[in-house]
Amino acid sequence: MIRLSRWTQIKAGEGRTFGLAFAYFFCLLGGYFVIRPLRETMGIEGGVRALSWLFLGTFCATIPALLLYGKVASIWPRKKFIPWTYQFFAFNLLAFWLAFHFDLFPGPTLPRVFFIWTSVYTVFVVSVFWSFMADTFPEEAARRLFPAVAAGGTCGAFAGSLIAAGLAERWGSINLLWVPMSLLQLAIVFVWLLGQAGSKPANPQSATKDDLDNETIGGRYFDGLTRIARSNYLLGICAAVMLDKTLATFAYFEQAHIVEAAFANRAERTELFATINLWVQGLTLFFELAIAGRLMRRFGLRAALFVLPTVCLLGFAGLALAPGLIAIVVFQVLRRSSSYGFASPARQVLYTVVDRADRYKAKSAIDTLVFRAADVLGAQFFNFFRATLSLGMGAIATVALPMALLWLWILNRLAQEQSRRAQTSSPKP
């Protein structure tokens with residue numbers, strides 16, 4: 001029988017920490033993918049033309065959320081602010097359930113607010129998770145284990161998609177909100193267990209695990225943005241994230257227009273989105289367990305970083321030639337599975353060579369504010385090309401090709417700098 005360590009490249013003494021991290025991420029993405037099909041459906045119900053405004057609303061909502069998180073991260077140690085971040089979102093889910101269940105806000109307002117909130121929720125809970133992981137695993141271990149840790153999230157996403165596809169009609173889609181509420185409570189338990197497990201600090205020579213658990217980062221609530229502005233390395237990550245999300249938004253809008261034309265009712269659309277999610281999670285799991293870690297270990301971080309932009313180059317080229325339902329579904333499955341299976345764990349490795357304030361503050365600013373700013377930028381570009389210039393789907397896909405090439409160039413520079421930092425110095429906790 002194939003042993004788990006053969007797939008995940010776990011070394012002696014790492015099994016407990018890896019298992020807890022795996023289960024922790026399972027809970028986070030399991031909960032999100034229960035409600036993701038509902039989010040997508042509500043986004044389309046408000047009209048595809050309104051999506052760009054929803055993206056703008058998400059960006060605006062991210063600003064106060066980021067400032068609040070920055071304040072909490074400055075004054076509380078990680079063993080407090082991480083659990084309370086998750087508890088805050090769990091209380092929000094309860095409030096949404098009450099509002100939907102008792103129909104407190106009839107009309108399109110509540111679905112649109114839910115769409116915006118869900119978009120903020122997912123980037124925050126995932127960003128906090130990976131900040132914690134970059135603070136827990138040394139750089140060498142991160143290269144080996146981050147793809148396998150990410151597989152925990154993929155398994156959770158697969159389970160969440162099954163629940164959404166199989167139980168939405170039986171339970172009612174709104175009642176599914178109790179699933180992510182419960183899984184967030186389990187995630188808090190795993191945060192505590194990781195603290196008790198004696199996880200490795202990123203620089204064992206200069207700090208112990210207890211130091212990292214109890215030490216406050218300090219600084220001001222807007223430090224994340226100022227730290228980005230002073231670092232070419234972090235600015236490079238920002239540029240890569242902007243291009244990634246802009247192209248993802250192009251694909252998302254193409255998907256929305258094509259699905260709106262192909263299917264007339266909520267049930268058919270929700271079923272399609274849930275089916276896409278299942279295919280994405282299955283392929284992602286294969287990438288994470290069988291390929292990504294070995295790719296990084298044998299060919300370096302650059303190889304894993306290059307996979308997603310290469311898929312985008314090929315996918316947008318295909319849409320330029322033959323835009324349609326089959327083309328967008330195949331592209332979205334390959335793009336999203338490559339994003340989760342290769343790009344996400346590889347991008348997290350970039351943060352193992354920065355200090356703690358950058359991991360929690362600058363990284364959160366990039367993962368939330370920059371991430372959502374790219375959504376807005378991509379939405380505005382798409383609407384400009386489609387409405388103002390009257391370009392068709394194929395022509396818009398062609399515009400995306402040089403952006404993917406620029407993205408590849410930036411990732412190459414980032415991989416070079418990450419390697420230099422990893423070889424010359426270790427980050428100070």
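**Aromatic and nonpolar close-ups**

**View 1. A buried phenylalanine pair.** Phenylalanine 25 and phenylalanine 129 are both buried (under 20% relative accessible area, 1.4 Å probe, protein chains only; exposed is over 50%, partly exposed in between). The model is predicted: local features need pLDDT of at least 70, side-chain atom pairs count only at pLDDT 80 or more, and totals for chains, interfaces and linings use all residues. Residues are numbered from 1 along each chain as its sequence is written, and side-chain values use heavy atoms, without hydrogens and water. The whole structure holds 34 aromatic pairs (Phe, Tyr or six-membered Trp ring centres within 6.5 Å; stacked under 30 degrees between planes, edge-to-face over 60, otherwise tilted). Phenylalanine 25 and phenylalanine 129 are stacked, 4.2 Å centre to centre with 5° between the planes. The pair joins helix H2 (residues 15-45) to helix H5 (residues 109-134), across 104 residues (helices are DSSP runs of H or I, at least four residues, numbered from the N terminus).

**View 2. Charges over rings.** Arginine 39 sits over the face of phenylalanine 115, 4.4 Å from the ring centre. Lysine 363 sits over tyrosine 351, at 5.1 Å from the ring centre. The criterion is NZ of Lys or CZ of Arg within 6 Å of the centre and within 35 degrees of the ring normal.

**View 3. The largest nonpolar core.** This core has 128 residues, and Tyr24, Tyr86, Met133, Leu177 and Phe316 have the most contacts inside it (buried Ala, Val, Leu, Ile, Met, Phe, Trp, Tyr and Cys joined through side-chain atoms within 4.5 Å). H5 gives the largest share, 17 residues. A second, separate core has six residues, including Leu272 and Val333.

Key. Helices (H or I, at least four residues) and strands (E, at least two) are DSSP runs, numbered from the N terminus.
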